[in-house]
Amino acid sequence: MGYSVGQVSAVAGITVRTLHHYDKTGLLSPGDRSPAGYRLYSDADLARLQQILFYRELGFPLDEIAAILEDPQANALDQLRARHRRLTEEITRLQRLVEVAEQAMEVQQTGVRLTPEERFEVFGEIAFDLTYATEADLKWRHSDGYRRSMARAATHSKEDWARIMAEAADWRARLTAAFDAGAPPDGERAMDLAEEHRRHLARWFTPCPTAMHGRIADDVAADPRAFALLVPPGEQRPGLAPYFRTAVHANAVRRSPPDGPDRTAAP
């Protein structure tokens, strides 16, 4: 039983044009004919096609595939080993390109213009999740505050980031101490810490009115990736994220009493 070019095309998932090209170059020519004289592919032809597609998937040029299939002395194992070596080298090269692209994306989406070594030195356990950075960019890119924050972050030097992280570490230690001591989240101690965090953002990134600070706190409480930017995993406690959120909103009420003036301008 033979198979027409259309049948082989459908079964193998390649175009009729490709089969015609293989026929023209002599790589794969149908060996049978129908009673009407049409050329048909035999089972042996299909087995050869399977080998061709296997080598093509590995990236072998057609002339090399022909040499492997036609020369009984050709050492297919040596050819495969050579291809494996080249593919491994290409994977290594592409992985380096992926890392470069990820670093470029991180710079664009976090505003941090530091080398990977400087990032590790400055940020330590604090890590930027690119999925979160991408979502934040899509969510807030039209916000003036977000754009100002990103632009300001891009101007910070390594020394600036070291100061920022030192301030943040000191603040985190006092926040977790208040939480561990059972200080109420709407009490003076927690609200003062929330206000300190708001002023920290305003000093280093962008003016941060209490409404904006509240949105940030809501995000921290809702998304573990945002919380990890505030408190690294090794320092987290169950309930600390909602504690921070409550303190931020309580501080907003304290700073802006109902019907009173908005006292949330730049500190």
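User: Leaving aside its neighbours within four places in sequence, which residues is Leu175 in contact with?

Analyst: In this predicted model, Leu175 is found in helix 9. Once the neighbours within four places in sequence are left aside, the residues in contact with Leu175 are Leu193, Leu240, Tyr243 and Phe244.

User: Does Leu175 count as buried or exposed?

Analyst: The relative accessibility of Leu175 is 2%, and the cut-off for a buried residue is under 20%. Leu175 therefore counts as buried.

User: Which helices do the buried residues of helix 13 pack against?

Analyst: The buried residues of helix 13 include Leu240, Tyr243 and Phe244, and these three are also among the residues in contact with Leu175 of helix 9. Taken together, the buried residues of helix 13 pack against helix 9 (158-180), helix 10 (188-204), helix 11 and helix 12 (224-230).

User: Are helix 11 and helix 13 roughly parallel or roughly antiparallel to each other?

Analyst: The axes of helix 11 (residues 210-222) and helix 13 (residues 240-255) come within 8 Å and cross at roughly 165°, and angles over 145 degrees count as roughly antiparallel. The two helices, helix 11 and helix 13, are therefore roughly antiparallel.

User: How do the residues of the contact of helix 11 with helix 13 divide into nonpolar, polar and charged?

Analyst: Helix 11 contributes residues including His213, Ala217 and Asp218, while helix 13 contributes, among them, Phe244, Arg245 and Val248. The residues of this contact between helix 11 and helix 13 divide into eight nonpolar, four polar and three charged.

Conventions: Residues are numbered from 1 along each chain as its sequence is written. This is a predicted model: local features need pLDDT of at least 70, side-chain atom pairs count only at pLDDT 80 or more; totals for chains, interfaces and linings use all residues. Side-chain values use heavy atoms; hydrogens and water are left out. Axes are lines fitted to C-alpha atoms, for helices over the stretch in contact, and angles run from 0 to 180 degrees between N-to-C directions. Helices (H or I, at least four residues) and strands (E, at least two) are DSSP runs, numbered from the N terminus. Angles under 35 degrees count as roughly parallel, over 145 as roughly antiparallel, 65 to 115 as roughly perpendicular and the rest as oblique. Contact means heavy atoms within 4.5 Å. Ala, Val, Leu, Ile, Met, Phe, Trp, Tyr, Cys and Pro count as nonpolar, Asp, Glu, Lys and Arg as charged, and the others, Gly among them, as polar. Buried means under 20% relative accessible area, exposed over 50%, partly exposed in between (1.4 Å probe, protein chains only).
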